[in-house]
Amino acid sequence: MKLLASIAAGALALALAAAAQAQMVIKFSHVVADNTPKGQAAIKFKELAEKKLPGKVTVQVFPSSQLFGDAKELEALLLGDVQFIAPSLSKFDRYTKKLQVFDLPFLFDDVDAVDHFQSGANGKALLESMKGRGLLGLAYWHNGMKQLSTNKDKLQRPDDVKGLKFRIQQSDVLEAQFRQLGANPQKMAFAEVYQALQTGVVDGQENTWSNIYSQKFFEVQKTIAETNHGIVDYMVVTNAKWWDGLPADVKKGLSEAMAEATAYGNKIASDINESDRKRIAEAGKAKIQKLSKDDVTAWRKAMEPVWKKFEADIGRDLIDAALKSNK
Ligand code: LMR
């Protein structure tokens, strides 16, 4: 009896060990908080993937630069230390110049136009455009339109940012945009922005309502101007070699989970930004500066010369296709 029980226990232990071994652990790392469009979409992806592939995959989501920050996440993906990341489209400069199209100021009127462009042939081709560098794009995830904030009382016209220091993402287009305004841009990882604003290392930054809210930037800025001058949007990328080597059933399950999580996240993104805008207004810490049509035209005029500088790298055809996505 005793012998039988111990044989059974041994068999069970072996079976459990085998199951544990068969379970694939997949890491998804990103830099924003859970309560943001990207944070929510990543959690949804985990839930769906684990539901579709029970016992086969575990997805671990690491938000808020906990595992890898901006500086490391792309390298880590290529080294196989993480399987999914979703950097902002502004952070692929080193891998392709084509994605710079998304950073051109005042190119897209709104997120619908961005979505329209991404769903078309050009957007789909861009997902595959970094395969030669080992990166495969699986989806575009939306955040929202960018607003401009500073530690000054006045932020209405381009002249108001002259000489100010701005934190920017890792993007040459954004660097040119602020230089065009006579401001001093400084490339900096997302995780460092709050402290840089708080201590006055920089005077301002540009971001979506959801990032301004979840990172508490509104607590250390005086004015946020509703410029809607650009977008923060993401590409979910994976390691192309790893992806190609996946068993067919796992690849199928993950692809479906990705498609569904994308639809979910992209549907809730604008609501999150809208409610975060309200929360910021209610908090009463930073003033939200509404802009007149004339004000917006002035910003547009001041920033648009940047387009010409990047036209050759991006390609006029891509810029025109993007423009056509506006209604
Ligand atoms: C930023 O660095 O400001 C954003 O790209 C962060 C993010 O992922 O939304």
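# Close-up views of the predicted model

**View 1. Where H4 meets H5.** Phe117, Gln118 and Ser119 in H4 touch Ala121, Asn122, Gly123, Lys124 and Leu126 in H5, where contact means heavy atoms within 4.5 Å. Helices (H or I, at least four residues) and strands (E, at least two) are DSSP runs, numbered from the N terminus. H4 covers residues 111-119 and H5 covers residues 121-128; the two pack at an angle of about 70°, with their axes 4 Å apart. Axes are lines fitted to C-alpha atoms, for helices over the stretch in contact, and angles run from 0 to 180 degrees between N-to-C directions. H4 and H5 therefore count as roughly perpendicular (under 35 degrees is roughly parallel, over 145 roughly antiparallel, 65 to 115 roughly perpendicular and the rest oblique).

A note for every view: this is a predicted model with residues numbered from 1 along each chain as its sequence is written, and local features need pLDDT of at least 70, while side-chain atom pairs count only at pLDDT 80 or more. Totals for chains, interfaces and linings use all residues, and side-chain values use heavy atoms, with hydrogens and water left out.

**View 2. The five-stranded sheet.** Here's an open sheet with mixed pairing, its strands in the order E2-E1-E3-E10-E4. E2 (57-62) and E4 (135-145) are the edge strands, each pairing on one side only. Two strands pair if DSSP finds at least two bridges between them. E1 (residues 24-29) runs parallel to E2, with six bridges between them, and Met24 sits opposite Val57 in E2. Helix H2 (residues 37-52) lies across E1, E2, E3 (84-85), E4 and E10 (231-239), and runs at about 165° to E2.

View 3. E10 is mostly covered, with nine of its nine residues buried (buried means under 20% relative accessible area, exposed over 50%, partly exposed in between; 1.4 Å probe, protein chains only). In a regular strand the side chains alternate between the two faces of the sheet. Ile231, Asp233, Met235, Val237 and Asn239 are buried on one side of E10, and Val232, Tyr234, Val236 and Thr238 are buried on the other. E3 and E10 run antiparallel and are joined by two bridges; Phe84 has Thr238 as its bridge partner in E10.

**View 4. Aromatic pairs.** The count comes to 14 aromatic pairs. Rings of Phe, Tyr and Trp (its six-membered ring) pair if their centres lie within 6.5 Å; planes under 30 degrees apart count as stacked, over 60 as edge-to-face and the rest as tilted. Phe28 and Trp141 are stacked, because their ring centres are 5.7 Å apart and their planes are at 15°. Phe28 belongs to E1 and Trp141 to E4, so this pair ties together parts that are 113 residues apart in sequence. Phe28 is buried at a relative accessible area of 0%, and Trp141 is buried at 2%. Tyr213 and Phe218 make a stacked pair with 5.7 Å centre to centre and 15° between the planes. Tyr213 is partly exposed at 24% relative accessibility, whereas Phe218 is buried at 6%. Ring pairs also link Phe28, Phe45, Phe84, Trp141, Trp242 and Trp243 into a cluster.

**View 5. Charges over rings.** Lys44 has its charged end over the ring of Tyr264, 4.4 Å from the ring centre. Arg277 does likewise with Trp209, its charged end 5.5 Å from the centre. To count, NZ of Lys or CZ of Arg must be within 6 Å of the ring centre and within 35 degrees of the ring normal.

**View 6. The six-stranded sheet.** This open sheet has mixed pairing and the order E7-E6-E8-E5-E9-E11. E7 (184-187) and E11 (287-289) each have a single partner strand, so one side of each is left without a neighbour in the sheet. On average, neighbouring strands of this sheet are turned by 25° against each other, direction ignored. E6 (residues 165-168) and E8 (residues 204-207) are parallel, with two bridges, and Phe166 has Gly204 as its bridge partner in E8. Helix H6 (residues 172-180) lies across E5 (147-150), E6, E7 and E8, at about 160° to E7.

**View 7. Ala312 in H12.** Ala312 lies in helix H12 (residues 306-314) and counts as exposed at 76% relative accessibility. Ala312 and Lys131 are 181 residues apart in sequence and 22 Å apart in space, C-alpha to C-alpha.
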